[in-house]
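This briefing concerns a predicted model.

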Amino acid sequence: MKPLQIDFAPRHGWLEAGTDKQRRPLWALLCVFMLILLAASLTTAWKLQRERSAVNTRVAALQTELNVSEEGAAQNESATAESAVSVHQANMHLNYPWATMLGILESNTRPEVTLISLEMGVMRQSNKLVIESAGVPAALSFLDSLRDEAVYSTLTLIRQETVASDGATRMRFTLEAPVVQPELPARKTGAQ
Amino acid sequence: MLRKLGKRLGMGVGAGEMVIVDGVSSQGAHVSSMLPLRDYLPGASSPETAIWEPAVSTALAQAGKVSGSLQVSVSDDWVRYWMVTPPAGLGSLAELRALAANRFEQLFGAAAESWHIEADWRDNRAMLACALPKSLITALGEMSRQNNCTLGSVVPEAVRLINRDAASLGDDGWVCSFGTHSFLALLRAEGCLIAARQFRFDLLPTLPEVLARLETEALRMGVDMPQSIYLLGDAPPLVELPDRPKLRIMIVGRQRALPAPIGLDRKTDAYRLALYGAMN
């Protein structure tokens with residue numbers, strides 16, 4: 001005979017419906033479900049923990065690698081900058097308009113002025129022109145004529161001295177003009 | 001919710017007393033409350049007029065701090081049983097409930113508003129319906145809200161007994177559940193309920209007297225007297241029936257000895273009912 005489904009207890013929800021014996025499978029099912037959920041949660045948490053450890057290790061390795069790379073990059077950058085300055089200076093030296101300057105000197109030569117030397121200063125910051133003449137007026141006239149040219153416009157007299165040569169006394173003048181340095185190309189920085 | 005998975009408390013609402021059993025062990029059943037209803041049940045002369053709230057709250061107060069699922073078994077003295085047959089074209093459960101209430105009023109001549117009616121509503125054939133005083137159900141529900149226990153079940157005595165031994169009951173024959181002052185007889189054929197009748201008595205009838213009442217009922221129903229009879233509860237003892245050689249009478253569930261009460265001097269009907277709930 002089937003049990004009679006008669007119960008006067010007020011029912012409030014599906015878990016309370018039916019007799020205790022009928023509810024037992026529901027509770028068992030609920031318990032099994034909760035256990036499965038708990039096991040799944042624990043497994044997921046364990047996996048996540050492992051992944052987190054792996055990611056942390058990887059991050060630490062990448063960080064170390066990055067630090068090494070940054071140090072290397074800084075060294076390279078420094079070396080590159082020094083090299084660029086050197087190359088630039090060599091380039092500037094090679095491209096300096098010596099021919100123009102010498103051509104202007106030739107076109108302005110005069111008998112009473114003797115060109116002794118034209119050279120760049122030790123620090124390559126100025127051009128030094130040494131001339132000799134019998135007197136000061138001739139030297140100053142030569143200086144004025146040179147100043148008319150653009151490359152000699154800043155030429156100034158910085159020293160004069162008397163020298164004896166072959167029994168004759170002559171005046172030696174040292175003229176100087178600053179070398180106009182073209183700007184270096186802009187350096188690339190890490191922020192750019 | 002977990003609280004509801006806790007221990008079972010048994011409450012027996014007997015004809016004259018109320019007992020709460022809050023644990024059964026090898027030493028016996030621990031009775032935490034025993035309340036004589038005559039002092040705590042105003043209007044007890046009729047189930048409709050009885051006010052159950054004082055009795056229920058006092059019994060719980062006597063039991064002290066209890067928790068768990070309370071299984072209430074109510075003596076058949078407070079229960080009304082009858083049959084409900086759903087008519088063809090029935091529209092809803094509410095309609096069936098109204099039909100059961102109407103049938104109750106016809107059979108017992110009492111207003112259905114004072115009673116709580118339940119039946120095995122799942123069945124679309126004839127079904128057993130029963131009614132308990134509404135004030136008792138209300139008091140039990142209120143008590144469960146106020147105390148640290150849930151109302152697991154409220155089941156009439158005969159239903160509790162039948163369900164306990166349902167597996168031992170055949171599909172054909174009479175099933176008779178004996179209470180203190182009545183027995184419920186269910187006539188079944190091929191697994192279907194055919195008739196339900198509650199017989200009241202002052203003294204427990206003998207087996208021939210029981211058979212006589214069943215034969216009369218079968219005659220009234222116009223069916224042959226079944227040859228199988230299952231007896232449940234405090235059934236009368238078996239006797240020789242030489243004039244009915246084919247009749248098979250089986251006493252079901254008697255082999256289960258009830259544990260001795262701890263805190264009670266005798267096994268009352270309320271104690272027995274409380275154990276049905278606590279041990280089921």
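Two strands are said to pair if DSSP finds at least two bridges between them. By that criterion, β1(B) and β4(B) of this predicted model pair in the parallel sense, over 6 bridges. Chain B as a whole has 7 helices and 14 strands.

**The open sheet of chain B**

- An open sheet of chain B is formed by 6 strands, in the order β8-β4-β1-β2-β3-β14, and its pairing is mixed.
- The edges are taken by β8 (149-156) and β14 (261-262) of chain B; each has a single partner strand, so one side of each is left without a neighbour in the sheet.
- Helix α2 (residues 53-63) of chain B packs on the sheet, where it touches β2 and β3 (28-36) of chain B. The direction of helix α2 makes about 140° with that of β3(B).
- Helix α5 (residues 157-164) of chain B also packs on the sheet, touching β4 (68-74) and β8 of chain B. The direction of helix α5 makes about 90° with that of β8(B).

**Strand β1 and its partners**

- Strand β1 (residues 8-13) of chain B pairs with strand β2 (residues 17-25) of chain B in the antiparallel sense, over 4 bridges.
- These two strands, β1(B) and β2(B), form a hairpin with 3 residues between them.
- How many of the 6 residues of β1(B) are buried? The number is 5, and β1(B) is accordingly described as mostly covered.

**Nonpolar cores**

- In soluble globular proteins, nonpolar side chains tend to be buried together.
- The largest nonpolar core of the model has 79 residues, and L128(B), C176(B) and A274(B) are those with the most contacts inside it.
- Helix α7 (residues 269-279) of chain B gives the most to this core, contributing 7 residues.
- Another core, of 8 residues, lies apart from it; L129(A), I131(A), A139(A) and F142(A) are among its members.
- Which residues does C176(B) contact, leaving aside its neighbours within four places in sequence? They are F183(B), A185(B), V210(B), I229(B), Y230(B), L231(B), L232(B) and A235(B).

**Burial and contacts across the chains**

- Of the 280 residues of chain B, 40% count as buried.
- Among the contacts in chain B with a separation of 6 or more, 63% are between residues 24 or more positions apart.
- Between the chains, 14 residues of chain A are in contact with 23 residues of chain B.
- The side of chain A that touches chain B consists of 9 nonpolar, 2 polar and 3 charged residues.

**A loop residue with positive phi**

- E190(B) is located in the loop between β10 (182-189) and β11 (192-200) of chain B.
- The phi angle of E190(B) is near 50°, a positive value in a residue other than glycine.
- Is E190(B) buried or exposed? E190(B) counts as exposed because it has 7 C-beta neighbours inside 10 Å, and a residue is exposed if 12 or fewer lie within that distance.

Methods:
Residues are numbered from 1 along each chain as its sequence is written. Chains are lettered from A and ligands numbered from 1 in the order in which they are written. This is a predicted model: local features need pLDDT of at least 70, side-chain atom pairs count only at pLDDT 80 or more; totals for chains, interfaces and linings use all residues. A nonpolar core is a set of buried Ala, Val, Leu, Ile, Met, Phe, Trp, Tyr and Cys residues joined through C-beta atoms within 7 Å. A residue is buried if 20 or more other C-beta atoms lie within 10 Å of its own, exposed if 12 or fewer, and partly exposed in between; C-beta atoms are placed from the backbone. Two residues are in contact if their C-beta atoms, placed from the backbone, lie within 7 Å. Ala, Val, Leu, Ile, Met, Phe, Trp, Tyr, Cys and Pro count as nonpolar, Asp, Glu, Lys and Arg as charged, and the others, Gly among them, as polar. Axes are lines fitted to C-alpha atoms, for helices over the stretch in contact, and angles run from 0 to 180 degrees between N-to-C directions.
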